[in-house]
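Please keep the 3D view open as you read.

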Amino acid sequence: PMLSRRSFLHGSAAIGGAFALGAGLSARAGAAPERQMLTAQTAETQIAAEGTSPVMTYALGQAPHSGMPPTLRMRKGETFAARLVNRLDEPTTVHWHGLRIANAMDGVPELTQPYVYPDDHFDYVFTPPDAGTFWYHPHCNTLTQMGRGLTGVLVVENPEDPEFDGEIVLNLRDWRLGAGGKFIAPFKPRDAARGGTYGTVRTANWQREPIYDAPAGGLVRVRIAATDVTRIYTLGLEGANAKVIALDGNSVERPFLLQRYDLGPGQRLDLVLRMPESEGAEVTLGNFRGSQPWTIAGFRSVGASLKRDLGDVTPLPANTIAEADLSTAKRIPIDLTATAEHKSMPSICGSLGYTFWALNKVPWSGDTPDPIAPIEELKLGESYVLEIANRTPHAHPIHLHGLSFRILRSNKRRVLPPPTDTILLLPDERAELALVADNAGAWVIHCHIIEHQKTGMTGYFKVV
Ligand code: C2O
Ligand code: CU
């Protein structure tokens, strides 16, 4: 095997661990939604091998923070309500990445809601229309707030999903930590103008190479979210086979065996992992990008074999996403470019002080006091094709809020994924993205390499 193994095991880590199905938060059918408290706060948590780190995290309800933000569980078609309470010493908001919900709940300061200032709160209430694996994070001073830990996985359950023998949620991200676990500068300008600045400590669920117990011979659903501000993963497994059943929350029509799969910041991948039969056998999830593969997390078979078979894996029920009418669709070019004007932009919410990138030649950091004009005004209910072109030598995970799109064609890929909210645009990739503008409001589109987003690679559409 190419991947190293840790010499000791973490206990079957409670957080996001196996056998967690149905745990956590889910609204009960028929009942009015109970409003949860979601508190953004600081905490001292061990991330690096030495020392503790002053992270930012979320806590749910009365429970004390566990270090990492809780995995939020809700149910497709059922109302979810949470009060964000800000116990940080700077403004924040919550964006529910990938959920096609009302614009007023989207969490973008200045554009969709006011800033939530320290000791203030904001009530979010929405009904997720799609099932799948999503995530949540602030949309304010994001390089710092997300870099310090404000990223949680969000699971929208579908009672019609097939049953699995276990479920493991993995939140993958890095940390920029130096000696004693203290945070170092969140970015280097030189790297922000290229692929982005990498962290120094790599984790899954805030742990370095955690190992999870899972039933021997069982079919285990692994929900993976790439929430790092920079890193693009190339995922692969050693020690077992797995099928990819969903990408970015949407079901894969024909589940396929995982070989290597690129997952950019903001993206999600759902696997069905077939655990080895023999008790104690280990499976390793690794990152195979670059020349030195490394271990992300491990899974260890426990108990007598359940003797399940990957051949039994059926597609998940699909979310209902409108198909664009290509005969009427208006075409909108979107060019991703680097820009040379290294000027700072006014922002109350975390300007990085540089402008390196632009969408259609217009740089915007996303939360300046006066937003720029929309890239385009879209008519509610009409179809559009975004002709997106990456005119840079770097990959950019481009995320669109509030609307899902289908990749119609691309000069860089043969197999097209299901509809998505985030496309990892490869260097020099040109793709056509089809969508129906079926959700009214101002919807941000930006690179999810946060340094790119915050130095200009942001814009928005207005659906009216
Ligand atoms: Cu994941 Cu604009 O967000
Ligand atoms: Cu980018």
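Start at Asn205, which sits in the loop between β10 (201-204) and β11 (211-215). Helices (H or I, at least four residues) and strands (E, at least two) are DSSP runs, numbered from the N terminus. Asn205 is not a glycine, yet its phi is positive, about 50°. Is Asn205 buried or exposed? Asn205 is buried, because 23 other C-beta atoms lie within 10 Å. The cut-offs are these: a residue is buried if 20 or more other C-beta atoms lie within 10 Å of its own, exposed if 12 or fewer, and partly exposed in between, with C-beta atoms placed from the backbone.

This is a predicted model; local features need pLDDT of at least 70, side-chain atom pairs count only at pLDDT 80 or more, and totals for chains, interfaces and linings use all residues. Residues are numbered from 1 along each chain as its sequence is written, while chains are lettered from A and ligands numbered from 1 in the order in which they are written.

Now go to Asn360. Its phi is positive too, near 50°, and Asn360 is a residue other than glycine. Asn360 lies in the loop between β21 (357-359) and β22 (376-378). It counts as partly exposed, because it has 13 C-beta neighbours inside 10 Å.

Next, the domains. There is domain 1 (36-157), domain 2 (166-312) and domain 3 (330-463). These bounds come from an automatic or database domain assignment. The centres of domain 2 and domain 3, taken over C-alpha atoms, are 26 Å apart. Where they meet, 22 residues of domain 2 are in contact with 20 residues of domain 3. Contact means that the C-beta atoms of two residues, placed from the backbone, lie within 7 Å. On the domain 2 side, α2 (189-192) and β15 (250-257) each supply at least two residues. β15 gives the most, with 4 residues.

Finally, the whole chain. It has 3 helices and 29 strands. Its radius of gyration, taken over C-alpha atoms, is 21 Å, close to the 23 Å that the globule rule gives for 464 residues, so the chain is as compact as a globular protein of that length. That rule is 2.2 Å times the number of residues to the power 0.38. The C-alpha trace spans about 60 × 55 × 50 Å along its principal axes. Of the 464 residues, 53% count as buried. Among contacts between residues at least 6 apart in sequence, 77% join residues at least 24 apart.
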